[in-house]
Amino acid sequence: MAENKTSSENLGWKREAAWDKIPPQERAQLERYCRDYLEFLTLAKTERESHDLAVDLARKAGYRDFAKISGELPPGTRLYRSCRGKTAMLVHIGRRPLCEGLHIIGGHTDAPRLDAKPVPLYEDSSIALLDTHYYGGIKKYQWVTMPLALHGVVVKENGKTIPITIGEAADDPVLVITDILPHLGKEQAKKTMAEGITGEGLNVLLGSIPAEKTENDKESNRVKLNILRLLKERYDICEEDLASAELELVPAGAARELGLDRSMLLGYGHDDRICSYAALRALLDLDQTPEYTSIVLLCDKEEIGSVGATGMDSTFFENSVAELLNLQEPTYSDLLLRRCLEKSRMLSADVNALHDPNYPSVSSPNNMAALNAGVVLCKYTGSRGKSGSSEASAEFTAEIRRIFNGAGVVWQTGELGKVDEGGGGTIALFLARYGMDVIDCGVGLLSMHAPWEVAGKLDTYMAYKGYGAFLKSRGATQTRKP
């Protein structure tokens, strides 16, 4: 969208499919980027896997572990810092001093899923099952009768970490949660969709072959014992080891192109790996030292409120910036840190809702984003009367418009549906509390929080392009009064 033009001339204002805005040479770049993203999404099904893949890509691009750095940080220095193997911060030192502010893009890599409980294995009716606790906002009925894979780690008493992945290789078995057959589902059918499948009913089918019986065997749970035997043989773990494990049930299989025209992407965890990967790639692909120090945050725990040591509500980000300032500034002080954060600007890189013609009643007229009409700027999130929102200022919104329009980024605005219909939040408020300018900016999705989510290829690429333009921007119009 350009200044002083009618809406019909603007790039995305009418929220129409924007394929005609993409020249042939850029379409080829779009396709290459989407192929790379699909590969990442297929491999990164947990926050730990996302973290490890991101750090590996960063290392290959010349980023060094912050823990091994000492001395000054000249412009062009590229660093990463890890938080417990789940949250990561990548930094490209810019030409300006840190105390003049940062350009930050923050997304999250956790996604709705099922977690194994601390005591997960049990047997019932000669069937071995895995007891789970769902994580994040899911529709429980969507998770039954679908092939599932088990991802995670088991940490043994001696500290050894054992990675677990079952259900992804071509010759791997998959897991599943059963559902009642319609012939016997009369009472279930009377319930609401929210009540038809309960959280305690999300028990995963593991096996049905009993362990070989011996003369002295008095155990009744022989199918469970056989599962434990298999785990011992393959991973050298015992039942007690599962108490110190993080095991996640996720949809099995690869992310794929969607549609006869291949214009969309179907995958698990678009929310929010689609934005996190775009931010990561935008930073790694910077071809010159940025004006302002550029930072990408890949966070954990957003789906449950950004809590805990690896969530955005922790002190990890603030502490990391303090460490950077301590290396660059000869007289570090808390005041310098606060000034740096207050002068910073951020794109909160999280997904948004799209208008779905199957469910038009929940769309906000004229204010819902459309599929493949560009990356979505969301001035505020929250629910009802903007509760829990971090609302971007008009000045900062105008600045991002200017940056995107100057770089040829196709963008649109969007809300999370009709007022009073629902709502949601992002990590924006946790950065805005420092006084910095923040706006939500991300890819619109269909079927958000479902096991398989839908994104448009054009929107996916425009997030990457827009994030890159923001990181490269050389300065800002004045967004606050002095």
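In this predicted model, E303 touches H108, D110, A111, P112, Y135, G136, D271 and H449, leaving aside residues up to four places away in sequence. The residue is placed in the loop that runs between strand 13 (293-299) and helix 7 (316-328). The points below treat this loop, then the nonpolar cores, and then the chain as a whole.

- E303 has a relative accessibility of 13%, and because buried means under 20%, E303 counts as buried.
- From E303 to S447 the separation is 144 residues in sequence, while their C-alpha atoms are 16 Å apart in space.
- S306 also lies in the loop between strand 13 and helix 7.
- With a relative accessible area of 1%, S306 is buried.
- The residues that S306 touches are K301, G311, M312, D313, S314, I427 and F430, again not counting residues up to four places away in sequence.

**The nonpolar cores**

- In soluble globular proteins, nonpolar side chains tend to be buried together.
- The largest nonpolar core of this model consists of 60 residues.
- Within that core, the residues with the most contacts are L90, I105, L347, I400, F404 and Y467.
- Which residues does I105 touch, not counting residues up to four places away in sequence? I105 touches A279, I295, V296, L297, L347, A349, Y467, F470 and L471.

**The chain as a whole**

- The secondary structure of the protein chain comprises 11 helices and 22 strands.
- For 482 residues, a compact globule would have a radius of gyration near 23 Å, and the 24 Å of the protein chain agrees with this.
- Taken along the principal axes, the box filled by the C-alpha atoms is roughly 80 × 55 × 45 Å.
- Of the 482 residues, 52% count as buried.
- When contacts between residues at least 6 apart in sequence are considered, 77% of them join residues at least 24 apart.

**Surface and charge**

- The protein chain exposes about 22400 Å², of which carbon and sulfur atoms supply 51%.
- There are 57 positive and 67 negative side chains in the protein chain.
- The centres of these two sets of side chains lie 4 Å apart.

Conventions. Residues are numbered from 1 along each chain as its sequence is written. This is a predicted model: local features need pLDDT of at least 70, side-chain atom pairs count only at pLDDT 80 or more; totals for chains, interfaces and linings use all residues. Side-chain values use heavy atoms; hydrogens and water are left out. Helices (H or I, at least four residues) and strands (E, at least two) are DSSP runs, numbered from the N terminus. The radius of gyration is taken over C-alpha atoms; the globule rule is 2.2 Å times the number of residues to the power 0.38. Buried means under 20% relative accessible area, exposed over 50%, partly exposed in between (1.4 Å probe, protein chains only). Contact means heavy atoms within 4.5 Å. Accessible areas come from the Shrake-Rupley method with a 1.4 Å probe; for residues, only the protein chains shown count as cover. Lys and Arg count as positive and Asp and Glu as negative; His and the chain ends are not counted. The place of a charge is taken as NZ of Lys, CZ of Arg, CG of Asp or CD of Glu. A nonpolar core is a set of buried Ala, Val, Leu, Ile, Met, Phe, Trp, Tyr and Cys residues joined through side-chain atoms within 4.5 Å.
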